[in-house]
Amino acid sequence: MSSPNLDGVAGWAVNLMETLGAPGAGLAIALENLFPPLPSEVILPLAGFTASKGNMGLFDAVLWTTLGSVVGALALYGVGALLGRERVVFIASKLPLVSVSDIEKTEAWFARHGRKTVFFGRMIPIFRSLISIPAGIERMPIMIFTLLTTLGSLIWNTAFVMAGFLLGEQWELVEEYMGVVSKSVLGIVILAMIVFIVVKLSDRRKGRHHA
């Protein structure tokens, strides 16, 4: 495999892995957590492909990418913890269509389902990065957060690294199929936002009417 044959995120990831080996794959995944537009659906199969070529060990690829996932998640957890509830509520109160009651409902939901959300959220495109912030805001015990993040990331990363390893030069099939899933998730999120805005505007009109 030669990096000149690849461009964009794939070329960047391959160059990183060729330069740093398995730690390069870990660094790429850590950055993917911090910047969700960097797709792990590309980076992880490439790590498996690189391992199949003998440029790094398969175990090392899984180990370092999982470590990168945990490091990236902890960084976002720290962002949430630094912001804290008061700052988030203050920011929310200044945003249109968002009320403090929405924050309180989210807090209550996270209190009931937080652990499952952190674990399974690591296996949902886009969402796996964002879930670390509310976990930090709610100050989920850091050991529990780290454990759940590690287990969820290990499952996700192992599946994609192994897929790239077994598919070899056809690793792009993973990106192709998961791209459909990622777009579906993004579509659901956008739809939910639209519904949220419509409901909020409707509530405001009703409030004005009653007034």
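Reply: The model is a predicted one.

Me: Which residues does Thr146 touch, not counting residues up to four places away in sequence?

Reply: Thr146 and Ala73 are 73 residues apart in sequence, yet their C-alpha atoms are 8.4 Å apart in space. With residues up to four places away in sequence left out, the residues that Thr146 touches are Val70 and Leu74.

Me: How many helices and how many strands does the protein have?

Reply: Read from the N terminus on, the elements of the protein run α-α-α-α-α-α-α-α-α. The count for the protein is therefore 0 strands and 9 helices.

Me: What percentage of contacts between residues at least 6 apart in sequence join residues at least 24 apart?

Reply: Of the 211 residues in the protein, 41% are buried. When contacts are taken between residues at least 6 apart in sequence, the share that joins residues at least 24 apart is 74%.

Me: Is the crossing of H3 with H8 left-handed or right-handed, and how do the residues of the contact divide?

Reply: From H3, the residues that meet H8 include Leu44, Pro45, Ala47 and Phe49, and from H8 those that meet H3 include Trp156, Phe160, Val161 and Phe165. The residues of this contact divide into 9 nonpolar, 5 polar and 1 charged. As for its handedness, the crossing in which H3 passes H8 is right-handed.

Me: Is H2 roughly parallel or roughly antiparallel to H3?

Reply: Helix H2, residues 22-34, packs with H3 at an angle of about 170°, and their axes are 10 Å apart. Since angles over 145 degrees count as roughly antiparallel, the relation of H2 to H3 is roughly antiparallel.

Me: Which residues of H2 and of H3 make the contact?

Reply: The residues of the contact of H2 with H3 divide into 6 nonpolar, 1 polar and 1 charged. H3 contributes Ser40, Ile43, Leu44 and Ala47, while the residues from H2 are Ala25, Ala28, Ile29 and Glu32.

Me: Why does Ala47 count as buried?

Reply: Ala47, which has its place in helix H3, is in contact with Met17, Ala25, Met56, Ala61 and Val161 when its neighbours within four places in sequence are left aside. Its C-alpha atom is 9.7 Å from that of Asp60, a residue 13 places away in sequence. The cut-off for a buried residue is under 20% relative accessible area, and Ala47 counts as buried because its relative accessibility is 0%.

Me: Where does the side chain of Thr50 find a backbone oxygen?

Reply: Thr50 is found in helix H3, and at 1% relative accessibility this residue counts as buried. Its side chain reaches, at 2.7 Å, the backbone oxygen of Leu46.

Me: Is Thr66 buried or exposed?

Reply: Thr66 is found in helix H4, residues 58-94. Leaving aside neighbours within four places in sequence, Thr66 is in contact with Thr150, Ser153, Leu154 and Asn157. Its relative accessibility is 7%, and Thr66 therefore counts as buried.

Me: What separates the C-alpha atoms of Leu83 and Ile137?

Reply: Leu83 lies in helix H4 and, at 30% relative accessibility, counts as partly exposed. Leu83 and Ile137 are 54 residues apart along the chain, and the separation of their C-alpha atoms is 6.9 Å.

Me: What is the phi of Arg139 near?

Reply: Arg139 lies in the loop between helix H7 and H8, and with a relative accessible area of 54% this residue is exposed. Its phi is positive, in a residue other than glycine, and the value is near 55°.

Key. Residues numbered from 1 in each chain as written. Predicted model: local features only at pLDDT ≥ 70, side-chain atom pairs only at ≥ 80, totals over all residues. Heavy atoms only, no water. Left-handed = near helix turned anticlockwise from the far one by under 90°. Helix = DSSP H or I, 4+ residues; strand = E, 2+ residues; numbered from the N terminus. Contact = heavy atoms within 4.5 Å. Nonpolar A, V, L, I, M, F, W, Y, C, P; charged D, E, K, R; others polar. Buried < 20%, exposed > 50% of the residue type's maximum accessible area, 1.4 Å probe, protein only. Polar contact = N/O pair within 3.5 Å; in protein donor to acceptor, adjacent residues only side chain to side chain. Axes fitted to C-alpha atoms, helices over the stretch in contact; angles between N-to-C directions. Parallel < 35°, antiparallel > 145°, perpendicular 65-115°, else oblique.
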